[in-house]
Amino acid sequence: MKNRLKVLRAERDWTQADLADALGVSRQTVNAIEKGKFDPSLPLAFKVARLFGLSIEEIFHDIP
Amino acid sequence: MNAKKTTDNCHTLAQTKKNTLRLFFWSVVWALATAGVAFGPKNLWNFNKWLTITAVLIHIGLGLGMIRVFKQFLLGLDELQRKIHLDAMALSLGIGLVFGGSYEMLEDIKLIPFQPEIPHLLTVMYLTYAVGAILGIRKYQ
């Protein structure tokens, strides 16, 4: 699954640590999601969407 | 980023550290209790039945306590960290099952001259868990 997390984070000038703080996860988790190595759970995806004020589909894209 | 969220995450990290230390403490205590059950009857109380039963019950009680603390440790992790540890546990269980089954037969089929011991299996499982956790951490870096 691809996502726009890195771009959205950069637009707000946040570090991975800032985003991890806001989501209540480790920096390693934010890094793994950004690189597409780890797909977040639905509750975490909703948390990300709420934080950026977007829908989940606007952040995460399924790759067929 | 607001200060409250940063404080919350600092609290979470502090809680994870605390849970890790608690788990370490319980693991050491359980290992000491294991040594007590293994060597106590022969070396300390000359196979006194009631002292041995007491030592075994304490050992089981501490083991159950360690399981509870480990569960709290897992619940305190975030979802990626939890996945890494659960994957490592699955690997450890699988290797333990396969290795244990084969290892148990080695003496019966005369491939090794000594009796297979449970501590050998536990050591393999501990090492597999540690290797699995390290590989998982590296995989998601």
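Visitor: Which residue forms a salt bridge with A:Arg12, and how far apart are the closest N and O atoms?
Guide: A:Arg12 pairs with A:Glu11 in a salt bridge, with the closest N and O atoms 3.6 Å apart. The term denotes a side-chain nitrogen of Lys or Arg within 4 Å of a carboxyl oxygen of Asp or Glu.

Visitor: What kind of model is this?
Guide: This is a predicted model, in which local features need pLDDT of at least 70 and side-chain atom pairs count only at pLDDT 80 or more, while totals for chains, interfaces and linings use all residues. Residues are numbered from 1 along each chain as its sequence is written, chains are lettered from A and ligands numbered from 1 in the order in which they are written, and side-chain values use heavy atoms, with hydrogens and water left out.

Visitor: Is A:Glu11 buried or exposed?
Guide: A:Glu11 counts as exposed because its relative accessibility is 53%. A:Arg12, at 31%, counts as partly exposed. The classes are buried under 20% relative accessible area, exposed over 50%, and partly exposed in between (1.4 Å probe, protein chains only).

Visitor: How many salt bridges are there over all chains?
Guide: The count is three. Another of them joins the side chains of A:Arg9 and A:Glu34, at 2.4 Å from N to O. That pair links distant parts of the chain, 25 residues apart: A:Arg9 is in helix H1 (residues 5-11) of chain A and A:Glu34 in helix H3 (residues 27-34) of chain A. Helices here are DSSP runs (H or I, at least four residues), numbered from the N terminus.

Visitor: Are those two buried or exposed?
Guide: A:Arg9 and A:Glu34 are both buried.

Visitor: And what does B:Lys83 pair with?
Guide: B:Lys83 meets B:Asp87 in a salt bridge, 3.1 Å from N to O. Both residues lie in helix H3 of chain B, four residues apart, which is about one turn of the helix. B:Lys83 is partly exposed at 29% relative accessibility, and B:Asp87 is partly exposed at 38%.

Visitor: Changing topic, how many salt bridges lie between chain B and chain A?
Guide: The count between chain B and chain A is zero.

How values were computed
Helix = DSSP H or I, 4+ residues; strand = E, 2+ residues; numbered from the N terminus.
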